[in-house]
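Me: Please take a close look at one part of this model, a hairpin and its surroundings. Keep it brisk.

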Amino acid sequence: MAASLATRIAEQHAAAAASLPGDVVSGERRRSAIETLAVEGLPTTRDENWKYANLRPLDKVRFAPLAGAGAATAGSLPGVTPADLPAAVKDYARYVFVDGVFVPSLSAAVGKNGITVSTHRDSRADTLPSAAALAAMGRPARAATGGSASAAATLDAPATVHSTPASVGRPASATAGPGASPVVSALTAVGAPAKNDARFALLNDAFATDGATIKVAANTDCPTCIELVFVAQVESQTASSYPRVDLHVEANARVGLIERHVSVGSGANFVNAAVRVDIARGATVNHYLVQESGAKAVWFNTLSAILAQDAVYKLHAVSVGGLSARSTINVQLAGERADASVSMASLGDRQQIQDAFVLVEHVAPRARSTQTFRGIAAGRARVAFNGMVVVRKDAQGTDSQQSLRGLLAGPDAEIDVRPQLEIYTDDVRCAHGATAGKLDDNMLFYLLSRGIDPATAQRLLKWAFLEDVVAKIEVPELRRQIEHSLAGQMQEAAELKELL
Amino acid sequence: MLKIENLQVSVDGKKIVNGLDLEVKAGEVHAIMGPNGSGKSTLAYALAGRPGYEITGGKVTFEGRDLLALAPDERAHEGVFLGFQYPVEIPGVNNVYLLKAALNAARKHRGLPEVDAFEFLTLVREKMKVMNMDESFLSRGVNEGFSGGEKKRNEILQMLMLEPRLAILDETDSGLDIDALKVVANGVNTLRAPERSVVLVTHYQRLLDYIVPDFVHVLVRGRIARSGDKSLALELEKRGYDWISEEAA
């Protein structure tokens with residue numbers, strides 16, 4: 001299957017190559033990506049780190065972007081209006097991409113010295129409306145539609161795995177699903193050392209039609225800075241778009257980036273984003289990644305971040321949309337005392353698949369990393385988080401923590417949380433905890449005993465479970481939007497409104 | 001108000017409460033004492049309707065209604081309150097939200113509209129003062145990171161907000177220093193009224209210096225082995241439980 005997929009990709013690329021803009025990705029690099037994919041193939045569910053992903057929709061995908069998505073739409077307005085977009089977030093300059101192509105008429109340029117944003121389609125400041133004008137046109141984020149949220153899970157008891165400090169190569173997992181007790185497997189042997197899996201980023205290289213290249217000059221302080229909104233609107237079952245971001249942050253700068261993915265209409269489309277974040281010495285990046293694609297979307301994302309000495313990277317990811325979503329996140333702590341935290345909340349309902357693979361690689365000494373995951377699976381959804389920490393031999397004094405928790409909210413749902421550790425040095429402090437289970441009976445009874453009805457009590461606890469991650473979002477407006485989105489996804493907006 | 005007849009409760013198939021009779025009239029305070037494992041907490045949980053506490057026999061009426069037929073939240077609506085021995089931490093749910101949701105659930109049951117936000121805050125502040133609690137507590141997660149004493153105070157605060165007709169307080173005194181004990185006792189005493197009753201489950205006589213009971217019962221092997229007034233608690237303090245256990249055997 002993989003071979004034929006790669007072949008199909010190569011053929012489609014050959015046919016489309018002439019229309020793909022060379023200033024987004026050079027022709028040479030596109031060809032190289034295709035060649036690498038031809039050799040490596042796309043992932044399959046037989047790949048250890050892809051077994052929870054839903055790769056079947058790829059068989060139907062037409063990988064070349066819509067004809068014209070690359071160049072021809074210049075001058076013509078897309079069928080997207082500001083009212084289709086999430087409400088703007090105060091002080092963030094918004095850049096909107098529709099089906100992977102920058103749309104100046106929906107965007108507002110950043111007005112901060114030291115920050116440059118370039119796109120294939122030139123974003124000259126004087127052609128863009130002001131942020132305030134856009135904010136006035138915006139409206140609150142739409143709540144995703146959903147099927148019936150399930151009542152109490154009557155499944156399995158929580159399972160936990162703890163290990164601190166850990167020794168060499170110790171993956172463990174906690175799984176809960178239909179007919180299975182949550183299993184915390186014995187620590188299995190690790191094969192080849194993990195390497196960044198960037199195959200879907202190569203696919204983005206091959207077909208990207210536009211992207212944002214953001215450069216933040218040394219010492220620039222822009223904590224509320226740029227919002228990138230990627231809108232998928234193509235309705236065809238087989239249409240593709242390729243959001244693309246390169247963020248380069250120079251020494252001692254500080255920047256806040258919001259990256260949102262939404263759909264207009266419920267169209268099924270394939271979105272394959274590639275984001276690279278390069279953080280120089282002493283710089284700090286707060287990255288908010290919000291995935292609220294339409295109910296039929298197939299959404300893939302490859303995010304690679306590299307941190308220099310004393311750099312700080314905080315990723316806050318929320319994934320609620322899409323029929324099938326997969327995030328592949330690689331964070332490399334390349335400089336001494338670098339500090340990375342990856343927090344993610346995922347919500348799956350109906351037939352949704354929310355899958356994430358996070359690799360945090362400690363290369364340099366005395367770096368710190370945390371991974372926090374909270375996922376809820378209702379309906380027939382599958383929610384998976386595979387969090388891997390690799391500590392290389394020179395990374396003495398590593399401090400790494402993982403707290404991964406999954407919650408089953410339906411008898412047919414599935415949760416897979418899997419912490420993995422590979423350690424090649426002695427002087428480390430690694431702690432991981434993983435649980436997969438249903439709502440805590442003690443908490444439930446406590447609320448009932450206070451007169452709160454069972455349905456409300458369950459909603460409250462599900463909400464509280466996600467709040468662990470959501471409460472850490474330090475942009476109040478964005479946090480509120482996300483909370484509304486989660487409440488909408490949980491079909492409990494009305495009942496939960498008091499919490500918001 | 002509360003009438004328990006020949007109550008039998010099993011947990012995990014093991015009979016813990018075994019033929020217990022007790023009548024609590026309006027306005028009375030009953031202390032339930034007894035050695036570890038005698039069934040005190042099981043009785044408290046069973047009255048509150050905790051899942052897993054299987055009623056295998058007997059009956060319980062509350063204000064003339066079959067209490068055991070009601071779900072836990074319905075029992076709360078009827079005016080039964082359980083103060084937990086180990087109050088549960090619920091990170092992510094604010095204290096203020098829980099208090100409001102609980103109060104509104106009770107009001108809804110009585111056909112009253114939701115509490116006005118201003119009225120609510122005024123009421124909470126007043127009750128927090130009684131319990132010697134800091135304002136900052138409201139925005140914290142329910143019992144999250146609370147000390148043992150803070151958790152127990154929080155239980156009594158919830159009780160004061162909900163104004164139950166029957167408060168069952170399960171070892172509310174355990175883990176409290178003397179100052180906290182006085183605050184908690186004072187909280188309970190402010191609620192005492194001719195139309196309200198309290199069942200205090202406790203190990204120690206100490207609490208009863210501050211909340212003076214009308215009756216003291218000693219539980220042994222799941223049934224009441226001896227009843228008396230507060231002097232019985234003093235006698236237990238001196239002599240321990242063994243003599244009653246032996247008598248009951």
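Reply: Start with B:Asp12, which takes a positive phi near 50 degrees in the hairpin of strand 1 and strand 2 of chain B. That hairpin has 2 residues between the strands. Strands here are DSSP runs (E, at least two residues), helices are DSSP runs too (H or I, at least four), and both are numbered from the N terminus. This is a predicted model, where local features need pLDDT of at least 70, side-chain atom pairs count only at pLDDT 80 or more, and totals for chains, interfaces and linings use all residues. Residues are numbered from 1 along each chain as its sequence is written, while chains are lettered from A and ligands numbered from 1 in the order in which they are written.

Strand 1 of chain B runs antiparallel to strand 2 (residues 14-24), joined by 8 bridges. Strands pair if DSSP finds at least two bridges between them. B:Val9 has B:Val17 in strand 2 as its bridge partner. Strand 1 (residues 2-11) also pairs with strand 4 (residues 53-62) of chain B, antiparallel, over 8 bridges.

Most residues other than glycine have a negative phi. A:Asn252 has a positive phi of about 60 degrees. A:Asn252 sits in the loop between strand 10 (244-249) and strand 11 (254-263) of chain A. A:Arg350 has a positive phi of about 50 degrees. Its loop lies between strand 17 (339-348) and strand 18 (353-362) of chain A.
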